[in-house]
Amino acid sequence: MLNTIIMMYVTLLPPIFAGALNMGWCKSKLMKPFMVPMDMGKNFADGKRIFGDNKTWKGFLGYLCFNAICASVWGVVCRAAAIEHLNYFYVNHENTFSFNLLIGLMLGLGYALFELPNSFLKRRLDIEPGKSVSGIWKIFFVFLDQADSVFGCALVVWFFYDLGIGKYLLYVLVGAATHIVVNMLLYFMKLRKNMF
């Protein structure tokens, strides 16, 4: 079990760093024209916003770029540190720049796209962007907020290595717990408005 968790971290360390970098990127004034909501300010059939203002094209492009960069750099580190055997991506595939670029882009895509259904659901329930709810639903949405992107990233891993449903769900649980810790750190570094 410990080896499995170690492999999970070694495999998905790039999206952890990319997510943190993307937070800073989205707060920067660079590429302001891309700070446009992905839903272009449009409403769904129910009259409510589709995703809201927090899901921007700048953030989407940031996830793609930073994951591609982080995965490429991490491939070099894995080779230099002789830990390729601990990375699920390299069990069945060679650690090359082009492969790392591909998995980085796919991780970025999985990360960004799997956040959208959560935003869509929150808009239907009148939960403001970047906010959570109180009461019994708070626990559900805190978990979902941290797990949504992990569902996508773990699915990318499963595409290249047969995780099976058990390891996939373990990935989601471990990833969500890690996401909570990272968000707490980002909050204390003033890169996040809310801890959860």
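Since the model is predicted, local features need pLDDT of at least 70 and side-chain atom pairs count only at pLDDT 80 or more, while totals for chains, interfaces and linings use all residues. Residues are numbered from 1 along each chain as its sequence is written, and side-chain values use heavy atoms, with hydrogens and water left out.

Helices here are DSSP runs of H or I with at least four residues, numbered from the N terminus (strands are runs of E with at least two). H1 has 26 residues and reaches 36 Å from its first C-alpha to its last, close to the 38 Å expected at 1.5 Å a residue; that expected span is 1.5 Å times one less than the number of residues. The helix still bends by about 55° at Leu12, with a proline, Pro14, following within four residues. The bend is the angle between axes fitted to the seven residues ending at a residue and the seven starting there.

Several H1 residues are buried, among them Met7, Leu12, Pro14, Asn22 and Trp25. Buried means under 20% relative accessible area, exposed over 50%, and partly exposed in between, using a 1.4 Å probe and protein chains only. The cover over these buried residues includes H2, H3, H5 and helix H6 (164-188). Asn22 counts as buried because its relative accessible area is 3%. Leaving aside neighbours within four places in sequence, Asn22 is in contact (heavy atoms within 4.5 Å) with Lys58, Gly59, Gly62, Tyr63 and Phe66. Lys58 turns up again over Trp25: its charged end sits over that ring, 4.9 Å from the centre. The rule for this asks for NZ of Lys or CZ of Arg within 6 Å of the ring centre and within 35 degrees of the ring normal. Arg124 does likewise with Phe120, its charged end being 4.3 Å from the ring centre.

On to the aromatics. Rings of Phe, Tyr and Trp (its six-membered ring) pair if their centres lie within 6.5 Å; planes under 30 degrees apart count as stacked, over 60 as edge-to-face and the rest as tilted. By this rule the count comes to 16 aromatic pairs. In one of them, Phe89 and Phe160 have ring centres 5.9 Å apart and planes at 75°, so the pair is edge-to-face. This pair links distant parts of the chain, 71 residues apart: Phe89 lies in the loop between helix H2 (57-80) and helix H3 (97-113), Phe160 in helix H5 (residues 136-160). Phe89 is buried at 1% relative accessibility, and so is Phe160 at 9%. Phe160 also pairs with Phe159, edge-to-face because the centres are 5.1 Å apart and the planes at 85°. Phe159, however, is exposed at 63%.

As for sulfur, the structure holds zero disulfides, a disulfide being a pair of cysteine sulfur atoms within 2.5 Å. The sulfur of Cys65 is 11 Å from the closest cysteine sulfur, in Cys70, so it is too far for a bond. For Cys78 the closest cysteine sulfur is also in Cys70, 12 Å away and likewise too far. Cys65 is partly exposed at 45%, whereas Cys78 is buried at 0%.

Finally, Met31 has a positive phi of about 50° although it is not a glycine, and Met40 has one of about 55°. Met31 is partly exposed at 38%; Met40 is exposed at 53%.
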